[in-house]
Amino acid sequence: MQFKYYLHYLENEAIRDDSPLYIFDSSFGKLKRSSQSVAKKDEPSKIQDKPFEVPKKQYRRPCLLRDYKPPKYFDDDLFRFTGEKRPPYRWFVLGGERSGTGMHFDPLGTSAWNTLLVGHKRWCLFPPSTPRKIIDPKMQGLDHEAVSWFTHVFPILVKGNGQEESYAEKFGMIQVLQKPGETMFVPGGWHHVVMNLDFTIAVTQNFCSPTSIEHVWLRTRNARPKLAQKLLTKLTKLSNVGGKRHDKEFYIVLANKIKLLDTVPAFFESSTSSSSSSSSSSSSSSFVDDYELEVSETQSETEGSDGECHCYNCKMKRKRKIRKEKPERIKQREEHERQKIEGQQTIRIIGNKGKRNHDRIMNEDVRDKKKRKGI
């Protein structure tokens, strides 16, 4: 959908829509290939005294990323060591009145911040210990949207169902009215629901804080094992050489915390939302810059909690394998159908022979009887 059509939707259809469309754009910060980065091999070299050389890949950053910088309170994101091409972790968010996100908590135990530029947002947050069935019950005939939650679930939580204290007070619900220029912080594991009260524009990002590395690691190890292994490899390297942001002792403590969690049993992630991560190239100097440990694009992973790698290369390998196996499966199916048809024909032939034999025997018996009677 082009942006001009979405603006037309906001001014017209969104007013009558029971669940208005909400834009989450995670591509504004992705690296884009320059149109002049690769020369054609059939073109002659401009410098005649040198052999033809294919220029290296050149990338350019979108202009929006030039104005993007995480707040200083949340810029220490450990997932930056897992590579630039990782699962979506930052979004440019835009929506009209009554749009929003239903009750959820951010994946992999990551925390999040949300900076509002235009408009107003209404938030409700619950601690991790809050029972999910109370704050996110099944609503028959209703979708899992913020407007439905505030219309049908919120009044019950505030009322408390006739108890001395309401469910909201019992479980420590926090309500927030976010205004332009304000930044919301959502701790890892906290359930939250957000609804836009008018036209809003915001920027949000998930991150892994050093203070919550154990909580995040346990979920990442099970949901995305390759992502977890990359993070451990980078922290182990930094624990030997140190970095510009922190010294070696800081990374030694983090690496030891992760290694101690090997004996902790895995548990599965059961949430919907975004994930996190950012960039990081190894250096041979006495220290390594925290932002210089690059990871190949082919090693990035995408959404999936089954432990299976969903990076581009692995997906293509599975597709090529399926293409190779497809002709064999077709041959097997055709052979099975051929055997089935031949078997039916054999049964039919045997049946016809049996019928002919039966008629012949019956005719012989009739002739014998006639002979005995002298007919």
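These legends walk through several close-up views of a predicted model.

**View 1. The whole chain, to get your bearings.**
Before zooming in, here is the overall picture. The protein has 375 residues, and 38% of them are buried. Its fold contains 9 helices and 11 strands. The accessible surface comes to about 23600 Å², with 54% of that area belonging to carbon and sulfur atoms.

Seven side chains are the ones to look for here: Lys226, Lys315, Lys317, Lys319, Arg320, Arg323 and Lys324 together form a positive surface patch. Helix H9, which covers residues 312-373, supplies the largest share of this patch, with 6 residues. How accessible is lysine 319? Its relative accessible area is 47%, so lysine 319 counts as partly exposed.

Which parts of the chain does the pair tie together? Arginine 245 sits in the loop between H7 and helix H8 (248-260), while aspartate 75 sits in the loop between strand S3 (59-60) and S4, so the bridge joins parts that are 170 residues apart in sequence. Both partners are partly exposed: arginine 245 has a relative accessible area of 29%, and aspartate 75 has one of 26%.

**View 2. A salt bridge with two buried partners.**
Move on to aspartate 76, which forms a salt bridge with arginine 80; here the closest N and O atoms are 3.2 Å apart. Are these two residues buried or exposed? Aspartate 76 is buried, with a relative accessible area of 15%. Arginine 80 is buried too, at 1%.

Aspartate 136 has 16% relative accessibility, which is why it counts as buried: the cut-off is under 20%. Arginine 132, at 31%, is partly exposed.

**View 3. A tilted pair of buried aromatic rings.**
The model holds 16 aromatic pairs. In the one shown here, the ring centres of tryptophan 149 and phenylalanine 154 are 6.1 Å apart and their planes meet at 50°, so the pair is tilted. Both residues are buried: tryptophan 149 has a relative accessible area of 2%, and phenylalanine 154 has one of 12%.

Phenylalanine 185 belongs to strand S9 (residues 183-186) and phenylalanine 207 to strand S11 (residues 200-207); the two are 22 residues apart, and the pair links distant parts of the chain. If you widen the view, look for Tyr68, Tyr73, Phe74 and Trp113, which form one aromatic cluster with Phe185 and Phe207.

**View 4. Two loop residues with positive phi.**
Two backbone spots are worth a look. Arginine 98 has a phi near 75°, a positive value in a residue other than glycine. You will find arginine 98 in the loop between strand S4 (90-95) and strand S5 (100-104), where it is partly exposed with a relative accessible area of 24%. Leucine 108 is not a glycine either, yet its phi is positive at about 60°. The place of leucine 108 is in the loop between S5 and strand S6 (111-118). Is leucine 108 buried or exposed? With a relative accessible area of 1%, leucine 108 is buried.

Leucine 232 is part of helix H7 (residues 225-241) and is buried, with a relative accessible area of 15%. How far apart are the C-alpha atoms of leucine 232 and threonine 82? They are separated by 9.4 Å, although the two residues are 150 residues apart along the chain.

Terms used: Residues numbered from 1 in each chain as written. Predicted model: local features only at pLDDT ≥ 70, side-chain atom pairs only at ≥ 80, totals over all residues. Heavy atoms only, no water. Patch = residues over 30% accessible without salt bridge, like charges linked within 9 Å, V, L, I, M, F, W, Y side chains within 5 Å. Areas by Shrake-Rupley, 256 points an atom, 1.4 Å probe, with all protein chains shown as cover. Salt bridge = Lys/Arg side-chain N within 4 Å of Asp/Glu carboxyl O. Lys, Arg positive; Asp, Glu negative; His and termini not counted. Charge placed at Lys NZ, Arg CZ, Asp CG, Glu CD. Helix = DSSP H or I, 4+ residues; strand = E, 2+ residues; numbered from the N terminus. Buried < 20%, exposed > 50% of the residue type's maximum accessible area, 1.4 Å probe, protein only. Phe/Tyr/Trp six-rings, centres within 6.5 Å; stacked < 30°, edge-to-face > 60°.
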